[in-house]
Amino acid sequence: MAVLIYTENTSGKFKKSTFEAVSYARTIADQSGTTLTAISIGEVPVEELASLSKYGADKILQVANAQLKNFINQAYASVIAEAAQKESADIVVLSNSFSGRGLAPRIAVKLEAGLADGAIALPEISSGQFKVKKVAFSGKAFATVELTSAKKVISLSPNAFQVIEKQAEGKIEEFSPAIKQTDFRAMVKEVIQSTDKVSLPDAEIVVSGGRGLKGPENWGMLEELAGLLGAATACSKPVSDAGWRSHSEHVGQTGIAVSPNLYIAVGISGAIQHLAGVSSSKVIVVINKDPEAPFFKVADYGIVGDAFEVVPKLIAAVKEYKASA
Amino acid sequence: MKILVCISNVPDTTTKITFTDNNTQFNTNGVQFILNPYDEIALARAIELTEGGKGTVTVINIGEVSSEATIRKALAIGADDAVRINAKPHDAWFVAKQIANYVNQNPFDLVLTGRESIDYNGSKVAAMLGELLDIPSVSIIKKLDVDGDSATVEREIEGGKEILTIPLPFVAGAAEGVAEPKIPNMRGIMSARTKPLIVVEPVAVITNVEYSHFENPAARGQVKLVSPDESANLIQMLHTEARVI
């Protein structure tokens with residue numbers, strides 16, 4: 001037995017969420033007294049691959065097949081399932097990213113494994129039971145699921161587990177999986193990546209705006225604050241519905257659920273659907289004119305005041321703080 | 001073109017979520033159930049793609065008789081017919097197996113789901129179904145256009161998007177952007193009563209995931225209010241006290 005971790009890369013680089021997943025998988029391997037094999041698919045430089053050993057990968061399988069350059073979930077699932085068989089891995093871990101969501105269920109079906117999606121904590125393993133905690137009801141609750149199959153697949157939520165440095169051997173091996181042409185019916189035509197912006201699901205800090213900002217022309221100050229903090233920008237549902245901001249920024253029950261270290265909500269009243277999407281944030285700051293706004297009930301810090309006065313003051317304070325740091 | 005839209009019956013978005021039986025069961029007492037909002041998007045797109053006699057839309061739900069109100073809503077919105085697999089939807093694997101079994105007997109050109117259901121949020125059914133049917137799947141799509149026997153879809157990735165071309169048939173999970181949900185009109189509501197809704201008994205499935213326990217998030221402490229004039233202090237507090245910047 002072993003643990004297999006699929007290490008997702010973006011243009012040949014591993015992101016923090018990948019290292020979180022490696023650390024998580026390493027900890028599970030230690031819990032069960034076994035080894036950790038990482039598998040990387042696509043073009044990733046050797047130095048980058050070797051960095052996986054810092055987080056505890058005993059072995060690193062590299063799949064450099066040109067046909068697998070672009071992510072195609074059907075083909076990647078076949079490769080990862082084959083690697084799991086080869087390594088006799090009974091636990092497969094991956095990130096619950098957009099790609100991971102398309103991948104994990106296919107791997108689980110191939111391996112006849114139970115799937116715990118969006119795990120937020122280490123599994124509890126005791127007296128033959130294997131239980132994993134995840135978010136449910138769009139952030140309004142947590143569910144603990146028991147995986148009763150011999151093999152298990154776990155996808156880890158971003159920002160849910162800390163990166164832990166733990167040096168291991170990290171021997172790199174080429175892995176040439178069987179290629180099934182019917183796995184490549186879907187074809188990637190174009191990848192459009194905006195590299196200058198922090199991606200919302202991965203962000204450690206999120207600056208979010210609501211209808212209180214009155215119009216899309218007033219987002220400049222939020223973008224400035226986000227830029228200074230290295231934060232992603234987000235918005236409430238009415239804002240994306242009105243077309244002020246893109247749907248990909250909509251946080252809440254029917255948008256994206258986020259779990260940053262810091263969520264700053266500006267001019268958002270805090271409807272139950274919005275609160276669901278941010279409840280896993282570690283610290284919540286609410287800025288709102290209305291002292292009765294429901295968001296204050298779930299906030300850690302609050303300012304009852306006009307966003308147009310408060311946000312520029314925060315920007316000035318962050319600049320001052322950064323200058324002194 | 002024959003399109004199958006998989007729909008879930010979920011608690012309304014305003015529901016306060018509580019549990020019973022020692023936190024092992026979702027408390028449905030007094031809860032209003034609705035058509036899953038993402039499934040509404042999938043359904044709306046399916047109707048657009050088949051408008052003007054270009055095809056048919058079937059909806060499928062795995063649920064007990066209590067989910068028929070939601071199925072009729074989907075028919076009122078514009079689906080042509082409906083299938084209910086008569087079972088409690090145990091988990092994504094159970095649901096995917098039921099749908100795969102139905103599709104194997106009744107082939108479709110395109111199968112749509114919502115990106116996730118707003119109760120268990122797994123985003124699992126679309127990809128499991130793709131795997132079970134051995135066809136492509138895209139779990140979270142923002143755009144879907146069909147041209148002949150092939151489609152162009154846009155899927156979300158962290159910090160960007162990806163455009164794929166996929167031959168039919170395949171499975172896709174619709175997210176915001178794919179279509180605007182449709183509101184049923186009076187004619188739709190009237191005709192929904194007489195549109196075909198067939199009930200099929202489930203196939204046996206060996207399950208491998210059990211929901212063993214639920215809990216609500218811990219309440220946060222009292223909010224610490226900072227006066228607007230001292231906004232600058234907030235940054236200091238976030239640095240020294242909360243240690244998040």
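Residues are numbered from 1 along each chain as its sequence is written, and chains are lettered from A, with ligands numbered from 1, in the order in which they are written. Because this is a predicted model, local features need pLDDT of at least 70 and side-chain atom pairs count only at pLDDT 80 or more, while totals for chains, interfaces and linings use all residues.

**View 1. The side of chain B that touches chain A.** Here 62 residues of chain B are in contact with 78 residues of chain A (contact: C-beta atoms, placed from the backbone, within 7 Å). Several elements of chain B each supply at least two residues to this side, including H4, strand E9 (137-147), strand E10 (150-157) and helix H6 (231-240). (Helices, H or I with at least four residues, and strands, E with at least two, are DSSP runs numbered from the N terminus.) The largest share, eight residues, comes from E11(B). By class, this side of chain B has 32 nonpolar, 18 polar and 12 charged residues (nonpolar: Ala, Val, Leu, Ile, Met, Phe, Trp, Tyr, Cys and Pro; charged: Asp, Glu, Lys and Arg; polar: the others, Gly among them).

**View 2. Helix H4 of chain A against helix H4 of chain B.** H4(A) (residues 98-111) and H4(B) (residues 125-133) pack at an angle of about 45°, with their axes 7 Å apart (axes are lines fitted to C-alpha atoms, for helices over the stretch in contact, and angles run from 0 to 180 degrees between N-to-C directions). That angle makes H4(A) oblique to H4(B) (under 35 degrees is roughly parallel, over 145 roughly antiparallel, 65 to 115 roughly perpendicular, and the rest oblique). H4(A) passes H4(B) in a right-handed crossing (right-handed if the near helix is turned clockwise from the far one by less than a right angle, left-handed if anticlockwise). Look for Gly102(A), Pro105(A) and Val109(A) among the residues of H4(A) that meet H4(B), where the partners include Ala127(B), Met128(B) and Leu132(B). The contact has five nonpolar, two polar and three charged residues.

**View 3. Helix H8 of chain A against helix H6 of chain B.** The axes of H8(A) (residues 307-324) and H6(B) come within 7 Å and cross at roughly 50°. The two helices are therefore oblique to each other, and H8(A) passes H6(B) in a right-handed crossing. Among the residues that meet are Leu314(A), Ala317(A) and Tyr321(A) in H8(A), and Leu234(B), Ile235(B) and His239(B) in H6(B). By class, this contact has nine nonpolar, two polar and one charged residues.

**View 4. Strand E18 of chain A beside strand E15 of chain B.** E18(A) (residues 301-304) and E15(B) pair in the parallel sense over three bridges (strands pair if DSSP finds at least two bridges between them). Within this view, Ile303(A) stands opposite Val226(B).

**View 5. An open sheet of 10 strands.** The order is E13(A)-E11(B)-E10(B)-E9(B)-E12(B)-E8(B)-E1(B)-E6(B)-E7(B)-E13(B), with mixed pairing. E13(A) (187-193) and E13(B) (197-200) are the edge strands, each pairing on one side only. From one strand to the next, the twist averages 30°. Helix H1 of chain B (residues 37-50) lies across E1, E6, E8, E9 and E12 of chain B, running at about 150° to E8(B).

Technical notes:
Two residues are in contact if their C-beta atoms, placed from the backbone, lie within 7 Å.
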